[in-house]
Amino acid sequence: YKDCRVWRFDQCKDCAAITDKFISENKEPIRVVIHYADDSSWAFLSGKSNDTNDGRVVSMEEIIKENPLLSILYVLPEGHRAELKNKKWFVSLEYS
């Protein structure tokens, strides 16, 4: 990600995104990315917890600046999730 590049996500840079404390506070790697179908929002998660108390809200731009390689996931369709396993992203339907 560089400011001179075109922003390709369907949400604006300053839109809220969900993450968790393991990423925002411990700087652990993002292993799960979800593009929700109901509101087109995004989640960038460690995969360590489903506890809502561990959730954090950040901007889309903040996530991508910290993790520029994630910018390739702008193509993830709504209603899908991508999980990082063995250095490869696997895409599947997201079930609520």
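Predicted model: local features only at pLDDT ≥ 70, side-chain atom pairs only at ≥ 80, totals over all residues.
**Entry 1**

Is Arg-81 buried or exposed? I found a relative accessible area of 19%. Buried means under 20%, so Arg-81 counts as buried. Next I looked up its salt bridge with Glu-83, where N and O are 3.2 Å apart. Glu-83 is partly exposed, at 23% relative accessibility. I then followed the shared partners. Salt bridges link Arg-81, Glu-83 and Glu-94 into one network.

**Entry 1: other salt bridges**

I searched the whole structure and got six salt bridges. I noted for myself that side chains of opposite charge can pair when their charged atoms come close.

One of the six joins Glu-25 to Arg-56. Their closest N and O atoms are 2.8 Å apart. What does this pair tie together? Glu-25 sits in the loop between α1 (21-24) and β2, while Arg-56 belongs to strand β4 (residues 55-59), so the bridge connects parts 31 residues apart in sequence. Glu-25 is partly exposed at 48%, and Arg-56 is partly exposed at 25%.

I also looked at Lys-65 and Glu-61, whose side chains form a salt bridge at 3.9 Å, N to O. Both residues lie in helix α2 (residues 60-66), four residues apart, so about one helical turn separates them. Lys-65 is partly exposed, with 47% relative accessibility. Glu-61 is partly exposed as well, with 21%.

**Entry 2: strands β2 and β3**

I moved on to the strands. β2 (residues 32-35) pairs with β3 in the antiparallel sense, over four bridges. Which residue of β3 is the bridge partner of His-35? I found Trp-42.

Then I checked the faces of β3 (residues 42-45). In a regular strand the side chains alternate between the two faces of the sheet. Here Trp-42 and Phe-44 are on one side, with Ala-43 and Leu-45 on the other. All four are buried, and both faces are covered.

Which residues form a negative surface patch? I listed Asp-10, Asp-38, Asp-39 and Glu-78. Asp-10 comes in the segment before β1 (16-20). Asp-10 is partly exposed, at 42% relative accessibility.

Lys-13 also lies in the segment before β1. Its relative accessible area is 28%, so I logged Lys-13 as partly exposed. Last, I compared Lys-13 with Val-75. They are 62 residues apart in sequence, and their C-alpha atoms are 16 Å apart in space.

How values were computed. Residues numbered from 1 in each chain as written. Heavy atoms only, no water. Patch = residues over 30% accessible without salt bridge, like charges linked within 9 Å, V, L, I, M, F, W, Y side chains within 5 Å. Areas by Shrake-Rupley, 256 points an atom, 1.4 Å probe, with all protein chains shown as cover. Salt bridge = Lys/Arg side-chain N within 4 Å of Asp/Glu carboxyl O. Lys, Arg positive; Asp, Glu negative; His and termini not counted. Charge placed at Lys NZ, Arg CZ, Asp CG, Glu CD. Helix = DSSP H or I, 4+ residues; strand = E, 2+ residues; numbered from the N terminus. Buried < 20%, exposed > 50% of the residue type's maximum accessible area, 1.4 Å probe, protein only. Pairing = 2+ DSSP bridges.
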